[in-house]
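Please walk through this model with the sequence and the coordinates side by side. The paragraphs below go from strand pairing to the core, and then on to a helix and the ligand.

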Amino acid sequence: MAAAGSTGPIGPYPERVGDDAEARVDYDKLRRRVLWTFPSGLFALGSRAADRRNLMTINWVTQVSFEPKLIGVGIEKAALTHELVAEGRAFSINTISQEDRAIVRKFTKPCEWDADASTLNGFAVHEGATGVPILDQAPAFVECEVRQAVELGDHTFFIGEIVDVGFQAAEDTPVLGMDDTRMNYGG
Ligand SMILES: Cc1cc2nc3c(=O)[nH]c(=O)nc-3n(C[C@H](O)[C@H](O)[C@H](O)COP(=O)(O)O)c2cc1C
């Protein structure tokens, strides 16, 4: 999966590429392939605004400060999750067991919430301290309150401070990374 909305080639271009349209397309492809080799994790991000809840597959997640403990996440402006994080000012990051790799495909569109069963798209969740959903089967989770939102082109980089964490499975449970899938996001 490439970044949404990437139509034509996108600059800037190094001088060696020049003005030739084909050379620019080639450079654009090269840059994408380089970026796709960046190793990254793969997570489910939980969000909530009032009664609306969601889980979204995300790989643009990274710790950005020791003190305070900050996590940055890049979220597409068009995503429901963007609306919920902007409004709810909190999110959870849930790791995914390698045994559960199939679930990353279940959280790429807004989820259906079943209040009686407390499930999102059929996957059990519970409420964290901030009220955001936490995936029951996540080996580990962190819960963050949004401290800053940096508006970028088609994504917003939300920076959240960790307010709670937990293990829900053995600490050494192998967790999923982008390399374990054939998917790409970014580039
Ligand atoms: C492997 C993979 C990685 C993804 N990484 C991100 C990401 O880092 N940021 C993001 O905004 N969307 C990412 N997406 C797309 C979202 O999962 C989702 O399709 C889209 O943003 C809509 O989410 P919504 O349910 O909040 O509307 C990724 C999708 C896949 C399949």
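Two strands are said to pair here if DSSP finds at least two bridges between them. By that criterion, in this predicted model, β5 and β10 pair in the antiparallel sense over five bridges, and within this pairing A90 has E145 of β10 as its bridge partner. β1 and β5 are also paired in the antiparallel sense, over four bridges, with A44 standing opposite N94 in β5.

β5, which spans residues 90-95, is mostly covered, since six of its six residues are buried. In a regular strand the side chains alternate between the two faces of the sheet. In β5, A90, S92 and N94 point one way while F91, I93 and T95 point the other way, and all of them are buried.

The largest nonpolar core has 32 residues, of which A44, L45, L55, F91 and I96 touch the most other members. Several elements each supply at least two residues of this core, among them β1 (43-49), β2, β4, α2 and β10 (140-151). Leaving aside residues up to four places away in sequence, L55 touches A44, L45, G46, F107, C111, L120, P133 and L135.

The helix α2 has T81, L84, V85 and G88 as its buried residues. Seen down the helix axis, these fall within an arc of 95 degrees, so they line one face of α2. An α-helix has 3.6 residues a turn, so residues three or four places apart point the same way. What covers the buried residues of α2 includes β1, β2, β4, β5, β10 and β11 (155-167). After α2 comes R89, whose phi is positive, near 60 degrees.

In total 20 residues surround the ligand, and W60, E76, A79, T81 and Y185 are the closest. β2 gives the most to this shell, with four residues, and the shell residues divide into twelve nonpolar, six polar and two charged.

A further part of the model is an open sheet of four strands in the order β6-β7-β8-β9, with antiparallel pairing. β6 (113-114) and β9 stand at its edges with a single partner strand each, so one side of each is left without a neighbour in the sheet. β6 pairs with β7 (residues 119-120) over two bridges in the antiparallel sense, and the bridge partner of D114 in β7 is T119.

Definitions and conventions
Residues are numbered from 1 along each chain as its sequence is written. This is a predicted model: local features need pLDDT of at least 70, side-chain atom pairs count only at pLDDT 80 or more; totals for chains, interfaces and linings use all residues. A residue is near a molecule or strand if its C-beta atom, placed from the backbone, lies within 6 Å of it. Ala, Val, Leu, Ile, Met, Phe, Trp, Tyr, Cys and Pro count as nonpolar, Asp, Glu, Lys and Arg as charged, and the others, Gly among them, as polar. A nonpolar core is a set of buried Ala, Val, Leu, Ile, Met, Phe, Trp, Tyr and Cys residues joined through C-beta atoms within 7 Å. A residue is buried if 20 or more other C-beta atoms lie within 10 Å of its own, exposed if 12 or fewer, and partly exposed in between; C-beta atoms are placed from the backbone. Two residues are in contact if their C-beta atoms, placed from the backbone, lie within 7 Å. The arc is that of the directions from the helix axis to the C-beta atoms.
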